[in-house]
Amino acid sequence: MCGGLLALLLTTLSACSQAPVNSPYAQHSAGQNVLYTAFSQRSPKYLDPASSYSTDETPFTYSIYEPLYGYDYLARPYKLIPRAAAGIDQPRYYDERGRELAQDVPGEQVAVSVYDIRIKPDIRYAPHPAFARDRTGEYFYWPLKPGQLKGKFGLDDFEHTGTRELVADDYVYAFRRLASPRVVSPIYGIMAEHIVGMRDYGEKLKEEEAARRAAPEAERQQWLDLRKQGFDGVQALDDHTLRIKVIGKYPQFKYWLAMTFTAPIPWEADRFYHQPGMAEHDLSLNTWPAGTGPYMLVESIPNRRHVMARNPNFRGEPYPCSGEPGDQREGLLDDCGKLTPFIDRVVFSMEKESVPLLGKFIQGYYDVPEADRGEYGVAMRVAAGDSAEKAALYADHGLQLRSTTEAQMYYMGFNWLDPVVGAGDTPEQHEKNRKLRQAVSIAFDWEQFVAIFQNDQAQVAYGPVPPGVLGYQDAPAGINREIYTVEDGLAVRKPLEEAKRLLAEAGYPDGRDARTGRPLILHFDSMGGMGSSAMLDWMRRQLAAINIQLEVRATDYNRFQDKMRNGSAQMYLWGWVADYPDAENFLFLLYGPNAKVTYGGENASNYHNPEFDRLFEQMRFLDDGPQKEALVHKMTAIAQHDAPWMFGYFPKSGGAYQAWVHNAKPTQMVRNTLQYMRIDPALRAQKIRQWNVPVWWPLWLLGALGLAAVGLIWRVAQQRDRRTALAAAAVQEGAQRGKEESQP
């Protein structure tokens with residue numbers, strides 16, 4: 001027995017000396033052309049592009065599916081480029097009588113915009129069992145025979161796969177699915193608002209589905225073949241030409257074609273998954289997509305691991321050859337013209353907590369912490385600034401901590417309906433209230449706010465349009481001259497004396513009402529969880545500097561929303577994340593007909609300026625170009641003068657990448673980033689060995705102690721056996737003696 005324990009102990013020590021420590025993947029995998037990253041919380045819920053709307057799903061959906069358009073990976077401002085489409089085709093415009101109009105016609109005259117989009121030939125779907133056919137042309141897995149699904153829980157469980165070419169009808173089918181009552185799609189309402197006939201089509205499908213509920217169970221469960229009926233707004237003119245009819249003129253529609261909501265869906269996959277038993281085996285488009293993109297899902301273990309591999313049928317797309325200033329210096333143009341993707345497989349492993357995730361990243365086991373999240377680079381930059389030890393560690397590891405200002409913003413709004421900070425009832429009061437808002441805006445030091453509460457990982461905003469969007473102006477041109485002066489091309493916040501002067505002209509000398517002598521009290525309506533007490537105390541001090549008292553009215557988020565809907569809030573802090581990189585997507589937050597109280601829109605300040613609205617209506621119909629850019633600048637100047645917002649800041653996101661990860665550029669707008677990344681597996685394997693040299697002496701010490709214990713046990717056992725033997729011999733000897741004495 002002791003020999004067995006000794007052998008087991010030696011075997012364990014030998015195995016430990018050979019096994020990787022803390023690695024999320026198999027030994028010797030570090031040298032393979034595989035990118036390792038993590039996901040947290042849960043596995044992606046929706047991989048069906050019609051339903052997917054969560055950030056954690058985008059690394060999968062934008063790698064597996066191909067919308068018609070996408071974004072240039074490196075260009076800023078963001079530039080629309082074709083993906084499955086052959087080019088970015090301009091729409092043709094028609095009036096109500098069907099007569100074609102000139103391209104530069106005023107938008108109000110356009111009844112219908114017609115997009116004829118050419119699709120690249122020879123695009124093929126990744127291998128999928130839905131396409132599999134036998135020699136006679138019959139589908140292997142349609143209809144499924146009884147028992148044919150036994151033991152099948154993933155696509156790799158199906159012996160046969162197939163493929164076919166992408167055709168325009170696949171996009172037609174995808175748009176029809178958005179309107180299907182059997183599909184939960186967050187984008188249907190917006191699409192139905194803009195595409196000719198789509199809303200009526202959706203209502204018709206809904207009525208038919210309601211009637212179907214009264215039918216027998218077998219009929220209710222039948223596949224809904226959307227090829228049988230459609231609507232005029234989306235048609236296939238031929239295999240490689242898609243026509244979409246948009247109501248009126250809506251130039252921003254092209255950006256929706258860069259989202260996976262409009263990615264193609266092959267009818268065969270929809271039919272394949274709508275068979276008895278599929279749902280029970282967790283087989284659906286939400287779990288096993290069918291796309292034409294650079295990658296395909298090949299392994300999926302919910303809440304544990306997901307693996308994407310190269311789509312062997314992907315044609316390859318060239319890496320971009322130009323970008324913004326600095327990209328060449330960062331090595332982001334080194335792969336100019338080479339075909340993507342560069343990486344063979346992408347492995348996502350579950351990490352429930354951020355601390356072990358970052359620990360494994362520092363050890364080199366993860367190439368990127370989480371592919372869909374941009375806070376890691378920002379957090380690590382802040383940590384390096386706070387700790388010389390961490391800064392040295394990150395530098396020694398050659399970590400790339402890059403950040404970028406995103407197309408999103410946080411702003412402090414004034415309610416235009418409020419008698420104190422709003423528009424005012426008379427021209428005189430309007431002017432006084434404007435000066436009050438400007439005084440508050442000068443006193444509210446956003447540079448300090450960003451330094452303290454954002455750790456300098458945000459950019460102070462001078463207007464409503466963020467970087468990366470056409471119409472944004474950097475310093476000095478974009479500096480808000482109402483709040484800042486310009487010195488050596490830099491913004492310098494106006495002194496508090498200027499704020500006090502404006503406050504006096506607004507009717508509040510020294511912070512008191514000139515008529516009543518009462519102190520001026522402003523109210524900040526805070527939503528639940530928005531702002532710590534330290535932040536609120538800081539806000540109070542900002543206004544106390546010009547003798548204004550700030551009273552915080554904190555409520556939960558539901559009550560806060562009620563206040564915003566009924567217009568009872570006075571000042572509030574809110575944010576906006578762009579759906580697409582167009583100035584319209586930010587300026588509409590200040591467009592009068594979008595006022596929240598009157599119209600239920602997203603203009604939370606209920607701001608209204610006739611000239612701003614007139615320019616907005618002009619701008620919204622324009623394609624990108626100098627004319628549109630000039631109108632954006634004019635609207636920005638109006639908003640700066642009226643000050644319905646303190647423009648706040650544009651938050652930054654950042655990426656954290658290992659030294660062996662190339663072509664890494666953080667962005668929250670471009671979602672198919674994995675296609676462009678490249679890794680150096682040999683360098684990774686070398687660094688992992690260097691950074692993770694096992695410290696085995698504690699185990700050998702434990703082994704020595706174990707051996708000593710085994711030896712001690714052996715000695716004790718030997719002594720016990722000897723004593724037992726001696727005792728037995730003594731008993732036997734005594735018995736023998738007694739026997740002899742008893743004999744006559």
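In which sense do E14 and strand E22 pair, and over how many bridges? E14 and E22 (residues 645–657) pair in the antiparallel sense, over six bridges. The model under discussion is a predicted one.

**Overall dimensions and composition**

- The protein has 744 residues, of which 52% count as buried.
- Its secondary structure consists of 22 helices and 24 strands.
- Taken along the principal axes, the C-alpha atoms fill a box of roughly 140 × 80 × 55 Å.
- The accessible surface comes to about 34,400 Å², and carbon and sulfur atoms account for 52% of it.
- There are 82 positive and 92 negative side chains, and the centres of these two sets lie 4 Å apart.
- Among contacts between residues at least 6 apart in sequence, 71% join residues at least 24 apart.

**The five-stranded sheet**

- Strands pair in a sheet through backbone hydrogen bonds, in either a parallel or an antiparallel arrangement.
- An open sheet is formed here by five strands in the order E5-E4-E6-E8-E7, with antiparallel pairing.
- The edges are held by strand E5 (100–101) and strand E7 (234–238); each has a single partner strand, so one side of each is left without a neighbour in the sheet.
- Strand E4 (residues 92–94) is joined to E6 by three bridges in the antiparallel sense, and tyrosine 94 stands opposite valine 112 in E6.
- E6 is itself mostly covered, with five of its seven residues buried.
- Seven bridges link E6 and E8, again in the antiparallel sense, and valine 114 stands opposite lysine 245 in E8.
- Strand E8 (residues 241–247) runs antiparallel to E7, to which four bridges join it.

**Nonpolar cores**

- The largest nonpolar core has 138 residues, and Ile244 and Phe253 are those with the most contacts inside it.
- Helix H3 (residues 168–178) supplies the largest share of this core, namely seven residues.
- Apart from this core lies another, of 39 residues, which includes Ala443, Val450, Tyr462 and Leu550.
- Beyond residues up to four places away in sequence, isoleucine 244 touches a set of residues including Val114, Phe175, Val234 and Phe253.

**Valine 167**

- Valine 167 is found in the loop between strand E6 (112–118) and H3.
- Why does valine 167 count as buried? Its relative accessibility is 15%, and buried means under 20%, so valine 167 falls into that class.
- With neighbours within four places in sequence left aside, valine 167 is in contact with Ile119 and Asp239.
- Valine 167 and serine 605 are 438 residues apart in sequence, and their C-alpha atoms are 46 Å apart in space.

Key:
Residues numbered from 1 in each chain as written. Predicted model: local features only at pLDDT ≥ 70, side-chain atom pairs only at ≥ 80, totals over all residues. Heavy atoms only, no water. Core = buried A, V, L, I, M, F, W, Y, C linked by side-chain atoms within 4.5 Å. Buried < 20%, exposed > 50% of the residue type's maximum accessible area, 1.4 Å probe, protein only. Helix = DSSP H or I, 4+ residues; strand = E, 2+ residues; numbered from the N terminus. Contact = heavy atoms within 4.5 Å. Areas by Shrake-Rupley, 256 points an atom, 1.4 Å probe, with all protein chains shown as cover. Lys, Arg positive; Asp, Glu negative; His and termini not counted. Charge placed at Lys NZ, Arg CZ, Asp CG, Glu CD. Pairing = 2+ DSSP bridges.
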